[in-house]
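Hi,

Here is the structure I said I'd pass on.

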Amino acid sequence: MAEAMVTARMTAEKKQAGNRVFEELGTNASQVVNRLYDYVIENRALPFEGRGAAGRHTAEELAEAAALVDSLRMSEPSRFAGLSLKDVKRVRLGDGRKALV
């Protein structure tokens with residue numbers, strides 16, 4: 001099987017720091033990148049926070065999150081109930097006197 005090379009750009013400092021940690025862990029950049037590719041191929045997902053471009057989540061993940069939020073019950077009304085998103089932002093930034101009047 002022919003081998004291929006993967007190229008990535010980063011600062012020299014990051015590369016040196018990463019290589020020191022890899023050495024401490026008994027591995028190297030090539031082995032880490034190969035294991036990353038193996039994981040992504042097998043799981044069709046990244047093994048760390050953030051999903052693909054711009055941290056997007058799958059429709060299934062969003063539906064699960066929405067269902068969880070919808071299932072939560074509030075014991076008392078929120079001070080933001082009835083406010084527009086713009087007014088909520090004002091209140092949270094401390095300029096909410098007008099929004100609450």
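Below is what turned up, going from the whole chain down to single residues.

First, the ground rules: this is a predicted model, so I kept local features to pLDDT of at least 70 and side-chain atom pairs to pLDDT 80 or more, while totals for chains, interfaces and linings use all residues. Residues are numbered from 1 along each chain as its sequence is written, and side-chain values use heavy atoms, with hydrogens and water left out.

The chain has five helices and zero strands, so helices and strands here are DSSP runs (H or I, at least four residues, for helices; E, at least two, for strands), numbered from the N terminus. Along the sequence that reads α-α-α-α-α. Of the 101 residues, 5% are buried (buried is under 20% relative accessible area, exposed over 50%, partly exposed in between, with a 1.4 Å probe and protein chains only). The chain exposes about 9,700 Å², with 55% of that from carbon and sulfur atoms (Shrake-Rupley method, 1.4 Å probe; for residues, only the protein chains shown count as cover).

Two helices got a length check against the expected span, which is 1.5 Å times one less than the number of residues. Helix 1 (residues 12-24) has 13 residues and should span 18 Å; its end C-alpha atoms are 19 Å apart, which agrees. Just after helix 1, G26 has a positive phi of about 75°. Helix 3 (residues 59-71) should also span 18 Å, and its end C-alpha atoms are 18 Å apart. Zero of the 13 residues of helix 3 are buried, so it lies largely in the open.

In the loop between helix 2 and helix 3 you'll find R44. Its phi is near 50°, a positive value in a residue other than glycine, and R44 is exposed at 76% relative accessible area.

Now the largest pocket, at about 820 Å³. A pocket is an open set of points on a 1 Å grid over the protein atoms alone, where a 1.4 Å probe fits, with protein on both sides within 12 Å along at least five of seven lines; lining residues have an atom within 4 Å of a point. There are 22 lining residues, with V6, A29, S30, V33 and N34 nearest the centre. Helix 1 and helix 2 (29-43) are the elements giving two or more residues to that lining, and helix 2 has the largest share, nine residues.

Finally, the whole structure has one salt bridge (a side-chain nitrogen of Lys or Arg within 4 Å of a carboxyl oxygen of Asp or Glu). It joins D87 and R90 at 3.1 Å, N to O. Both sit in helix 4 (residues 85-92), three residues apart, which is about one helical turn. R90 is partly exposed, at 33% relative accessible area.

Cheers

Notes: Points joined across faces, edges and corners; volume = space filled by probe spheres on them.
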